[in-house]
Amino acid sequence: VDRGEAGALAAVEARAKAGDEAVRLAAVKALGKIGRASSLLILLQAASTPGNAPLADAALGSFARVPAPETDAFVLKALPTVDPALRVKLIAVLGGRKAENATAELMRLATGSDLEVSKAAWRALGLIASPADLPQLLRLASAARDDDTRTLADRAIVTTSMKVLEP
């Protein structure tokens with residue numbers, strides 16, 4: 001797999017879709033290294049697998065590392081289609097990937113009605129928002145509905161403010 005052989009990706013994707021659980025788990029993990037655009041739906045399906053936390057966790061880990069440039073856009077597009085618990089985890093993936101193109105959507109989610117999604121969005125904004133986003137972050141933070149969310153909003157603002165000092 002690490003050698004980048006042409007047929008390796010197709011074989012790994014096939015193993016990630018179905019079969020023996022140990023093999024499937026290994027294949028999903030391998031997609032984090034060699035995955036491409038064709039792997040993203042497979043990872044989303046694995047992350048959505050009910051009752052298989054190890055597979056779902058491996059898929060989320062692979063989403064965080066997969067080298068496909070389309071990954072951030074794919075995850076953003078998937079957010080409204082998945083259940084809230086997975087949405088929270090995918091938001092964390094966007095934050096971990098430093099998906100700057102997700103800032104506007106994360107700001108929208110930070111003020112949404114789902115408290116856990118809102119908190120996840122604030123955590124991710126702390127990782128990816130730029131100093132140019134500070135005025136909007138300040139406006140959004142003033143609308144935070146509870147103490148935990150306000151704390152996360154404050155952290156995102158402080159973290160983003162510190163980026164001004166970075167060279």
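The legends below describe a predicted model of one protein chain, first as a whole and then in close-up. Residues are numbered from 1 along each chain as its sequence is written, and side-chain values use heavy atoms, with hydrogens and water left out. Because the model is predicted, local features need pLDDT of at least 70 and side-chain atom pairs count only at pLDDT 80 or more, while totals for chains, interfaces and linings use all residues.

Figure 1. Helices (H or I, at least four residues) and strands (E, at least two) are DSSP runs, numbered from the N terminus. Along the sequence the pattern reads α-α-α-α-α-α-α-α-α-α. Taken along the principal axes, the C-alpha atoms fill a box of roughly 50 × 40 × 20 Å. The protein chain has 167 residues, and 46% of them count as buried. Buried means under 20% relative accessible area, exposed over 50%, and partly exposed in between (1.4 Å probe, protein chains only). The chain exposes about 8700 Å², of which carbon and sulfur atoms supply 58%. These areas come from the Shrake-Rupley method with a 1.4 Å probe; for residues, only the protein chains shown count as cover. Among contacts (heavy atoms within 4.5 Å) with a separation of 6 or more, 63% join residues 24 or more positions apart.

**Figure 2. Helix 1 (residues 8–17) packs with helix 3 (residues 37–47).** Their axes are 10 Å apart, at an angle of about 10°. That angle makes helix 1 roughly parallel to helix 3. Axes are lines fitted to C-alpha atoms, for helices over the stretch in contact, and angles run from 0 to 180 degrees between N-to-C directions. Angles under 35 degrees count as roughly parallel, over 145 as roughly antiparallel, 65 to 115 as roughly perpendicular and the rest as oblique. L9, E13, A16 and K17 of helix 1 meet S38, S39 and I42 of helix 3. By class, the residues of this contact are 3 nonpolar, 2 polar and 2 charged. Ala, Val, Leu, Ile, Met, Phe, Trp, Tyr, Cys and Pro count as nonpolar, Asp, Glu, Lys and Arg as charged, and the others, Gly among them, as polar.

**Figure 3. L43 is a buried residue in helix 3.** Its relative accessibility is 0%. Leaving aside neighbours within four places in sequence, L43 is in contact with V28, L31, A59, S62 and F63. L43 and A120 are 77 residues apart in sequence, and their C-alpha atoms are 20 Å apart. Other buried residues of helix 3 include S39, L40, I42 and L44. The buried residues of this helix pack against helix 1, helix 2 (21–34), helix 4 (53–65), helix 5 (71–78) and helix 6 (84–96).

**Figure 4. Helix 6 crosses helix 8 (residues 115–128) at roughly 5°.** The two axes come within 8 Å. The crossing angle makes helix 6 roughly parallel to helix 8. P84, R87, V88, I91, L94, G95 and G96 in helix 6 meet E116, V117, A120, A121, A124, L127 and I128 in helix 8. This contact has 10 nonpolar, 2 polar and 2 charged residues.

**Figure 5. K163 lies in the segment after helix 10 (147–162).** K163 counts as buried because its relative accessible area is 18%. Apart from neighbours within four places in sequence, K163 is in contact with G126, L127, I128, A129 and P131.
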